[in-house]
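This report covers helix packing and aromatic side chains. Please look through the sequence and the structure before reading on.

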Amino acid sequence: MARSTVLTTTLVGMALILGGCATNSPDQGDNINYGEFRLGSEHPAVLMLFGQADDAMQAGNWSAALTYLDQARRIEPRNPYVLYRQAKAVSSAGDSTRAKQLLERARVFANEDDDMLNYLLYELEFQL
């Protein structure tokens with residue numbers, strides 16, 4: 001569980017750094033909080049599976065990570081955060097073609113206003 005805490009802390013820190021770079025002019029109606037990191041779900045089972053998948057990925061056990069993420073996807077099949085995490089795990093396992101397919105699917109379900117998710121998708125796509 002400590003590994004997923006480190007990952008979450010790293011992502012939150014990255015979001016805070018990005019938040020410090022953001023500027024909002026007074027005439028823009030945006031109240032975007034870049035420091036707010038969304039876990040990607042509010043479903044307790046999905047959050048638990050995310051934690052287990054993170055732990056498995058930290059250990060290099062891609063098969064177990066994908067099993068946990070497949071279970072999360074059965075619960076929330078249109079959740080772009082699940083698809084993003086699957087793409088990241090598949091990419092780390094070395095299957096860039098499947099990772100690109102999962103990224104495309106995640107983009108279909110992603111909210112265009114979710115700047116953090118869109119950044120994560122762009123970053124992973126750039127790495128492929």
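The sections below take the model's basis, then helix packing, then aromatic rings.

## Basis

The model is predicted: local features need pLDDT of at least 70, side-chain atom pairs count only at pLDDT 80 or more, and totals for chains, interfaces and linings use all residues. Residues are numbered from 1 along each chain as its sequence is written, and side-chain values use heavy atoms, leaving out hydrogens and water.

## Helix packing

Helix H4 (residues 80–92) packs against helix H5 (residues 96–109) at about 165 degrees, with the axes 8 Å apart. H4 and H5 are therefore roughly antiparallel (an angle over 145 degrees). Contacts (heavy atoms within 4.5 Å) involve residues including Leu-83, Ala-87 and Val-90 in H4 and Leu-102, Ala-106 and Phe-109 in H5.

H4 also packs against H6, at an angle of about 20 degrees and with the axes 11 Å apart. H4 is therefore roughly parallel to H6 (an angle under 35 degrees). Tyr-81, Tyr-84 and Lys-88 are among the H4 residues in this contact, and Leu-117, Leu-120, Leu-121 and Leu-124 take part from H6.

## Aromatic rings

One aromatic pair (ring centres within 6.5 Å) is found in the whole structure. The ring centres of Tyr-122 and Phe-126 are 6.4 Å apart and the planes are at 25 degrees, so the pair is stacked (planes under 30 degrees apart). Both residues lie in helix H6 (residues 115–127), four residues apart, about one turn of the helix. Tyr-122 and Phe-126 are both exposed (over 50% relative accessible area, 1.4 Å probe, protein chains only).

Definitions and conventions:
Phe/Tyr/Trp six-rings, centres within 6.5 Å; stacked < 30°, edge-to-face > 60°. Helix = DSSP H or I, 4+ residues; strand = E, 2+ residues; numbered from the N terminus. Buried < 20%, exposed > 50% of the residue type's maximum accessible area, 1.4 Å probe, protein only. Axes fitted to C-alpha atoms, helices over the stretch in contact; angles between N-to-C directions. Parallel < 35°, antiparallel > 145°, perpendicular 65-115°, else oblique.
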